[in-house]
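Visitor: I am new to this structure and would like to know what stands behind the words used for it. Please show it first.

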Amino acid sequence: YIMDYQDREFKIVAKTSLGLEDVLEQEIKELGISKIEKGNRAITFYTNKKNLYKANLKLRTANRLLMPIKSFTIKTVDDLYNQIKKIKWYDIFNVDQTFAIDSTVFSPLFNHTQFAAFKSKDAIVDLFRDKFGKRPDIDKDFPHIRINIHINKLNEVTVSLDSSGDPLFKRGYRDSRSIAPIKEDLAAGLVLL
């Protein structure tokens with residue numbers, strides 16, 4: 001899906017830990033990116049595919065780089081299902097690829113964060129089944145496509161593709177983990193501060 005963008009600019013949301021927004025903003029500027037908006041635990045910036053790859057490789061204080069593909073407001077749980085099913089997922093990945101959904105939910109409509117992910121998964125699977133008579137599989141560990149669903153307190157939904165795969169703090173700098181390791185993005189942020 002990102003391949004379709006080539007040299008066009010698109011929106012990316014870089015997620016970070018609370019208090020590291022200024023440090024991440026500076027890191028993004030050092031990559032030569034100038035269209036930047038600071039938020040709460042996130043920096044939004046506009047870039048091309050080449051700089052997105054560079055950002056995934058070089059940003060030390062980001063933990064995920066998300067590419068928003070659709071936003072909408074819901075009033076019911078069924079609204080989430082219906083809106084997710086309207087997205088042309090078959091233009092993003094094919095039925096033989098796997099996917100996983102991460103969700104962050106602050107909405108009073110959902111009493112369990114994973115319920116929003118399950119509802120979204122059902123919508124995607126049903127869309128493929130209706131169109132192709134076959135459904136893509138879920139792979140929580142190594143999916144081809146990782147989807148992020150964010151629902152705020154006002155029931156505003158943002159659906160994003162996760163360009164990072166695993167969280168960036170799992171880049172493999174350490175072979176073993178102790179009982180209480182500090183995440184690499186947080187450690188880098190503390191050093192940079």
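Visitor: Where is the place of His150?

Guide: His150 is in strand 6. Strands are DSSP runs of E with at least two residues, helices are DSSP runs of H or I with at least four, and both are numbered from the N terminus. This is a predicted model, in which local features need pLDDT of at least 70 and side-chain atom pairs count only at pLDDT 80 or more, while totals for chains, interfaces and linings use all residues. Residues are numbered from 1 along each chain as its sequence is written, and side-chain values use heavy atoms, with hydrogens and water left out.

Visitor: How many helices and strands does the protein chain come to?

Guide: There are five helices and seven strands. Along the sequence their pattern reads β-α-β-β-α-β-α-β-α-β-β-α.

Visitor: Why is His150 called partly exposed?

Guide: The relative accessible area of His150 is 25%. Buried means under 20%, exposed means over 50%, and partly exposed is what lies in between, with a 1.4 Å probe and protein chains only. His150 is therefore partly exposed. Its C-alpha atom is separated by 8.3 Å from that of Phe106, 44 residues apart along the chain.

Visitor: What makes Phe99 count as buried?

Guide: Phe99 has 0% relative accessibility, so it counts as buried. Phe99 is in strand 5, and 7.4 Å separates its C-alpha atom from that of Ile147, 48 residues apart along the chain. Of the 193 residues in the protein chain, 46% are buried.

Visitor: Why is the contact of Lys35 and Glu9 called a salt bridge?

Guide: The term asks for a side-chain nitrogen of Lys or Arg within 4 Å of a carboxyl oxygen of Asp or Glu. For the side chains of Lys35 and Glu9 the N to O distance is 2.9 Å, and they meet in a salt bridge. Lys35 lies in the loop between helix 1 (21–30) and strand 2 (36–38), and Glu9 in the segment before strand 1 (10–15), so the pair ties together parts that are 26 residues apart in sequence. Lys35, at 47% relative accessibility, is partly exposed, and Glu9, at 45%, is partly exposed. As a general point, side chains of opposite charge can pair when their charged atoms come close.

Visitor: How many salt bridges does the count come to by this rule?

Guide: The count is twelve. One of them joins Lys134 and Asp96, at 2.7 Å from N to O. Lys134 is in the loop between helix 4 (113–132) and strand 6 (145–151), and Asp96 is in the loop between helix 3 (77–86) and strand 5 (99–105), so this pair ties together parts 38 residues apart in sequence. Lys134 is partly exposed at 42%, whereas Asp96 counts as exposed at 56% relative accessibility.

Visitor: Which residue forms a salt bridge with Asp126?

Guide: The partner is Arg129, with the closest N and O atoms 3.3 Å apart. Both residues lie in helix 4, three residues apart, which is about one turn of the helix. Salt bridges that share partners also join Arg64, Asp102, Arg146 and Asp162 into one network.

Visitor: What makes an open space count as a pocket?

Guide: On a 1 Å grid over the protein atoms alone, a pocket is an open set of points with protein on both sides within 12 Å along at least five of seven lines, and lining residues have an atom within 4 Å of a point. The largest pocket has 30 lining residues, and those nearest its centre are Val13, Lys15, Arg41, Ala42 and His150. Strand 7 gives the largest share of the lining, four residues.

Visitor: Is Asn155 buried or exposed?

Guide: Asn155 counts as buried, at 13% relative accessibility. Its place is in the loop between strand 6 and strand 7, and its phi, near 65°, is a positive value in a residue other than glycine.

Key
1 Å grid on protein atoms, 1.4 Å probe; cavity = no way out; pocket = protein on both sides within 12 Å on 5 of 7 lines; lining within 4 Å.
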